[in-house]
Amino acid sequence: MEITRYLSLRSVGGWVAVFNVMAAVLLGVSAITYKNELIKYSRQNAIKIELFATYLKGVLEKYESLPELLARDEQLVTFMQNESEPGQVDILNRYLEKINEIFKASDIYLMNMKGLTIAASNWQAERPFIGRNFSYRPYFQQAIKGQLGRYFALGTTSIKRGYYFAYPVKKAKEILGAVVVKINIDEVEKKWGYHDQAFLVTDPDNVIFLTTNPDWRFKTFGAIDSFTKEIILKSKRYPNSSLEPLPTKLIEKYDYGSVINMVLDNGAKKTYLQQNQHMIEAGWDVRVLSDIRPIRRKLLEINVLVGTGILITYLLLIMLVQRRKRLAELKKIEIQSRRALQEVNEQLESRVSERTSELTESNRKLLKEIQDRKNTEAALKLTRSELVHAAKLATLGQLSAGINHELNQPLSAVRSYADNSRQLLLKGRNKEAIWNMEQISELTERMAQLGKQLKIFSRKTSGKLDTVPVHGAIDGALEILAPTIKRNDIMITVTIEPENLEAVANQVLIQQVIVNLLSNAIHAVENRQTKSISIQAIVQQRFVEISIIDSGAGISDDHLAHIFEPFFTTKPSGQGLGLGLTITERIIKEMNGTIRAESSQSGARFTISLAAVLKTNGNET
């Protein structure tokens, strides 16, 4: 009973106990998780530091042996012995320039025993090294002692960062001077850096000379004493640099690294995991500063999950206790309900008989309403079919003038050929009369073909879908509209790929759709300077796409949104009811296809998409 008192949603003592337990658990989980995540983070970064250190070492090793190789060059040794000889400087400058182009170093130059540069690969540069004295540089001092000189600094002439290799030029055991190779390592920084990490390289005096954060460049990682600072300034290693320390503070040190705080320019603090690796040959330290916000985010996620789990467990215990109480109450209610149900059951039996008669009447009315709706749908379908047929007849009416002209011309020609044939027969010119009759036959065939297309176009259709050759449907539509196209002098281009393209459609309906779209295109270009209509038919995946593109003024964005709505038209009053595209869209949907309209400054484009008839090994699919 004492525990049960705490297992209630309204129990203040229960909630206080739960939150105390939760706080203790979360503190323990946070400490363990933080330590584990730092170790995991450090292992990942250790691999990256190793990669970057190896990369830097490779960049340096590429050029490490080059100055020694050049120092053994007989041409350089001979020049050092006879440097005052006229014309030799120009030859050596060009020679060093050629070597520099091959090895792709920053600069190569030759210095005498006094530290004076007497030849350089950058002799044609705006500020060449020739004539400049670099005897104060440590790499020269090391080379004159017979050692391989190494040094990193900003160039006093170029003001560019570089790593210098120097080697003595000797004749027998006598040192004549030094040859220096400068490497530009600016490109190294561009290949570094990740979203939550910053990389930096410090020299033996802890001056940052390479970093993915430009604001840290030429600052120190930790304070340096005034003596060291004075030596750096005298050597002109980093001219015009303040050598201020980064504002960092050590929080905690581990075997694998240290956690530090850094004060940003805006006064905010950022916490990093700092790890480093020493490069023995160069005396550099490669360091990585990893933002530990991802670890804190994970801590938050885990704390939320653990806290939620504790709360859910507590709530489940409350629900279990409440359920037991509820079951006891339900047993009491069940006994009372049985008695009440017996009474209600008797009342329901009497009401059921009443409701049964009412439901029977409701079912009869519902069946009648269903039948009425079926009849309405049948009437609507018939009306729609009549509307499609009426649209075809309306199209024929609009084309009647052109068709009449198309028929009158051959009729006049037939009459003329017939009169001529009679005269020719009377004169015995049978061969010429036969030629006239052949012309009459061709003209009547042409008239019959036009009549056949009009008959096919005007007849009603059952709407049944079949395999329809796309070429035939387009040709039939063009024959119907031929008089109008000819009268308006419109250039028609037809492209069908492949030529035997077939679609699942209704022959009559698809022809009506093409006639409707072509009629709109003719109307769009009839007053344009360039009158052209392009018809394209291609296969896209398993669909045939038929596009009709005109050179008209196009369709505005406002009109494009309503183009398929009933009674919407951009034509002047009296030239259309705005039902053509609505009917066209309805026909395409009945053939399980789609139609879309697009517009640009060069005209409008209507595209019909229908199921394609694909042929595989001679079989249709």
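Predicted model: local features only at pLDDT ≥ 70, side-chain atom pairs only at ≥ 80, totals over all residues.

Q: OK, how many helices and strands does the protein chain have?
A: The protein chain has 14 helices and 20 strands. These are DSSP runs numbered from the N terminus: helices are H or I with at least four residues, strands are E with at least two.

Q: And how much of the chain is buried?
A: 38% of the 621 residues count as buried. Buried means under 20% relative accessible area, exposed means over 50%, and partly exposed is in between (1.4 Å probe, protein chains only).

Q: What share of the contacts comes from residues 24 or more positions apart?
A: They make up 61% of the contacts with a separation of 6 or more. Contact here means heavy atoms within 4.5 Å.

Q: Let's get to the open sheet. What's the strand order?
A: The order is 13-15-16-18-17, 5 strands with mixed pairing. Two strands pair if DSSP finds at least two bridges between them. Strand 13 (491-496) and strand 17 (594-600) are at the edges with a single partner strand each, so one side of each has no neighbour in the sheet. The twist averages 15° from one strand to the next; axes are lines fitted to C-alpha atoms, for helices over the stretch in contact, and angles run from 0 to 180 degrees between N-to-C directions.

Q: How do strand 15 and strand 16 pair?
A: Strand 15 (residues 532-540) and strand 16 (residues 543-550) are antiparallel, with 8 bridges. V539 sits opposite V544 in strand 16.

Q: What about strand 17 and strand 18?
A: Those are antiparallel too, over 7 bridges, and a hairpin connects them through 2 residues. T594 has S609 in strand 18 as its bridge partner.

Q: Which strands does helix 12 lie across?
A: Helix 12 (residues 507-525) lies across strand 15, strand 16, strand 17 and strand 18 (603-611), at about 25° to strand 16. Helix 11 (residues 470-487) lies across strand 13, strand 15 and strand 16, and runs at about 180° to strand 13.

Q: Switching to charges: how many salt bridges are there in the whole structure?
A: A search finds 10. A salt bridge is a side-chain nitrogen of Lys or Arg within 4 Å of a carboxyl oxygen of Asp or Glu.

Q: Which residue does R596 bridge to?
A: R596 bridges to E545, with the closest N and O atoms 3.6 Å apart. That pair links distant parts of the chain, since R596 is in strand 17 and E545 in strand 16, 51 residues apart. R596 is partly exposed at 36% relative accessible area, whereas E545 is buried at 16%. E598 joins E545 and R596 in a network of salt bridges.

Q: And where do D90 and R94 lie?
A: Both are in helix 5, 4 residues apart, about one turn of the helix.

Q: New topic: is F152 buried or exposed?
A: F152 is buried, because its relative accessibility is 1%. F152 is in strand 3 (residues 149-154).

Q: What does F152 touch?
A: Leaving out residues up to four places away in sequence, F152 touches R161, G162, Y163, I185, F209, R237, Y238 and W284. I185 is 33 residues from F152 in sequence, and their C-alpha atoms are 10.0 Å apart.

Q: Last one: what's in the turn between strand 6 and strand 7?
A: The hairpin has 5 residues between the strands, and N206 in the turn has a positive phi of about 65°. Strand 6 (residues 197-202) and strand 7 (residues 208-211) run antiparallel, joined by 3 bridges, and V201 has L210 in strand 7 as its bridge partner.

Key:
Residues numbered from 1 in each chain as written. Heavy atoms only, no water.
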